[in-house]
Amino acid sequence: MIGSKKNQPKFNFDKKSNFISDFLPSIKNEDWRYTNLKKFIPENTEVQPLTGYIEQEKLDKIIHSNKFKIPEKNCIFFLNGSLQETVSDIPQGVLIKKINDKTNNNRTLYMNKVASEFSADEKNSYTGFSSFLEKNKIIELNTLLTSSPYIIHFDRTFDSKNNIKIIHGFTNEGGWFNQDRCLYFIESGCEVYIQPEVVNFGKHDSVFNIVSEIICKEEANLNMYMGQNDPTNSSIINTIFCAQEKNSESNFNIFSVNGKLIRNNVLVNLMNENCASSIYGTSLLENKEHLDNFIVISHLVENCKSNQLFKSVYGGETTGSFCGKIYVEKNAQQTEALQQNNNLMISKKASVNAKPQLEIFADDVVCSHGCTIGAIDEKSLFYLRSRGVPEKEAIKLLISGFLTDSISMIKPERIRDEVKKLFFKE
Amino acid sequence: MLKIKNLKVNTETEISILKGLNLDVNEGEVHAIMGPNGSGKSTLASVISGDPKYVIKEGVLEFLGEDVSEMDPEERAAIGLFLSFQYPVEIPGISLNNFIKTALNQKQKSLGLEPFSAKEILARIKENANALKINLDFIKRSVNVGFSGGEKKRAEIFQMLMLNPKLSILDETDSGLDIDALKIVASGVNKLRSENNSFIIITHYQRLLDYIKPDFVHVLSDGKIIKSGGPEIAKMLEEKGYDWI
């Protein structure tokens, strides 16, 4: 489908309003303490909603571009926020449609309404994200500028052997600050493997503000793999809201290797019993990138498990931040929540700030957090060199060993191999 | 093969450890070095292998007629030096299998030789693992991570056999081993022992020397070799202690 010019969304966002001071967080906001977004966005930036419209000729160019090969199988391709059906290959069990929610007041998520559509009598509590939304108007900006986002619906006829690539492509013509929004609805008992990716087809670098909402129904099993490897030096703000129903499981794997700024907000609400969520982050940054992983896992009921494992290697003049929060509600007894963050610094000019946080109101829980920041171990290096491995190779070997933990968490072998290539170019 | 003359070595913090040490090791010889704790045995082993923690202040360190004192550890390994560590380092995330393959082929590369084929390497792995009674599953584990003391030492000897060095230095490889493990380690050394391969064996106990018969025994004390002789020295030390010298 090619968006038509006629259907341009009506939008009354005042271009003259200063979106920088109105919508971008300052470092005084604790959630953004180590990432000054204003440094990455020029002051005179104009924002406008994407129309999704693209001329056929330009679309053809993108399809046949050498920059990025659009997968032929199991691929959902969005360009400038608009689904391109002719380029996509949507497998059995996946339904994509637009959410037309006129009642949305910009400050809430779409998931609240969508969830109630599917199960009318459900007492849902998708509101657990409200404190984050209040402090992060950048989500509101996304809602304002993407008036009718897509819902990607997975049902039980979906074959879990397929992993689906979701491409958020942009040509950067609509402006310098790009938005995209979608909602994943994973039906009960459904097992899915999703690989979202942001691709810049434009000529200049850009900032991409991508918001994904996820609803995992009972016994759903969601696996999401996000590779962040933008060679055009663009910035990405990637926000995920995941709400989980009884017996559901979610696994998020984030791989960051390239990009001017990478900010990942991953917020998970474990809303019903026996939910499990794991969030793994692996990064190897060697130039001037800035990476900020911001994680909040909320245990709202008893008997849920969560696990965070973030392994980062910082080289060159890179900077990083990790903030991982585990929140355990008063009645969420028997919670098991683990968190680990290890940082390996391979350059004297690199730096990282780590902020593990536990907020526990229940008294019968197992929670842990651990954080390390260190350099390459001299003893290990000498050990490898004494066996004939040259220093440069030995450092590479130690880095790959360091990152193995989190990469080995990828269940499907085909994706694991893909990721290993991304990191080690083997 | 190895020629050390008046070697004086300090730590990075300028503490003097080796204070004028002399040692000559020829092809096919096995030298045992004994001595009290803190006398400089491990430092000697590290310095020969090129540990950057130590600074050579004075003296000669030659291997195969070449001055190696300023060579990188990997260069020394390439021309045939091997150190079995007293405390083998744990390397998470890298399997012993992968590591030994990398080490072998890096060595080939620096010698300007073709890399071994996967088949050749596998055959060598199997042969050497068999000789040391090592299970092939063991080789898939991360280097030294979660290994018992005995397993660590066995893994060191396994790597030694794989790399086939000209001079192997065994730094207290026997410490903490039970009799069976000791025999296996000794059999590994004896497997490699030939008229071309030499060994320096650092030990506290005469027991190991029952299984690996040394040609020479040296006593190192306060950074110098103070006594050299045949295997009888080790026996005397076992009976009478270091005060005897």
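How many salt bridges does the rule count over all chains? The count comes to 22, where a salt bridge is a side-chain nitrogen of Lys or Arg within 4 Å of a carboxyl oxygen of Asp or Glu. This is a predicted model, in which local features need pLDDT of at least 70 and side-chain atom pairs count only at pLDDT 80 or more, while totals for chains, interfaces and linings use all residues. Residues are numbered from 1 along each chain as its sequence is written, chains are lettered from A and ligands numbered from 1 in the order in which they are written, and side-chain values use heavy atoms, with hydrogens and water left out.

Begin with chain A. E30(A) and R33(A) form a salt bridge whose closest N and O atoms are 3.4 Å apart. E30(A) is partly exposed at a relative accessible area of 39%, and R33(A) is partly exposed at 43%. On this scale buried means under 20% relative accessible area, exposed over 50%, and partly exposed in between (1.4 Å probe, protein chains only). A network of salt bridges links E30(A), R33(A) and K355(A).

Chain A also holds an open sheet of nine strands with mixed pairing, in the order β3-β4-β6-β8-β10-β12-β14-β16-β18. Helices (H or I, at least four residues) and strands (E, at least two) are DSSP runs, numbered from the N terminus, and two strands pair if DSSP finds at least two bridges between them. The edge strands are β3 (94–98) and β18 (351–360) of chain A, each pairing on one side only. From one strand to the next, the twist averages 10°. Strands β14 (residues 290–299) and β16 (residues 319–328) of chain A are parallel and pair over ten bridges; in β16(A), T319(A) is the bridge partner of H290(A).

Helix α5 (residues 137–145) of chain A lies across β6 (177–186), β8 (207–216) and β10 (235–244) of chain A, and runs at about 90° to β6(A). Axes here are lines fitted to C-alpha atoms, for helices over the stretch in contact, and angles run from 0 to 180 degrees between N-to-C directions. Strand β10 of chain A contains T239(A), which counts as buried at 0% relative accessibility. Beyond its neighbours within four places in sequence, T239(A) is in contact (heavy atoms within 4.5 Å) with residues including F132(A), I139(A) and N265(A). The side chains of T239(A) and N265(A) make a polar contact at 3.0 Å. A polar contact is a pair of N or O atoms within 3.5 Å; within protein, one must be able to donate a hydrogen and the other to accept it, and residues adjacent in sequence count only if both atoms are side-chain atoms.

Now turn to the two chains together. Chain B gives 30 residues to the contact and chain A gives 19 residues. The area buried between them is about 2000 Å², of which carbon and sulfur atoms give 68%; buried area is the accessible area (1.4 Å probe) that two parts lose on being put together, summed over both. Across this interface the rule finds three salt bridges and ten residue pairs in polar contact.

In one salt bridge, E74(B) meets R385(A), with the closest N and O atoms 2.6 Å apart. E74(B) lies in helix α2 (residues 73–78) of chain B and R385(A) in helix α6 (residues 378–386) of chain A, so the pair joins two chains. Both residues, E74(B) and R385(A), are buried. Another salt bridge joins the side chains of E156(B) and R387(A) at 2.8 Å, N to O. This pair also crosses between chains, from helix α6 (residues 149–163) of chain B to the loop between α6 and α7 (391–407) of chain A. E156(B) is buried at 0% relative accessible area, and R387(A) is buried at 1%.
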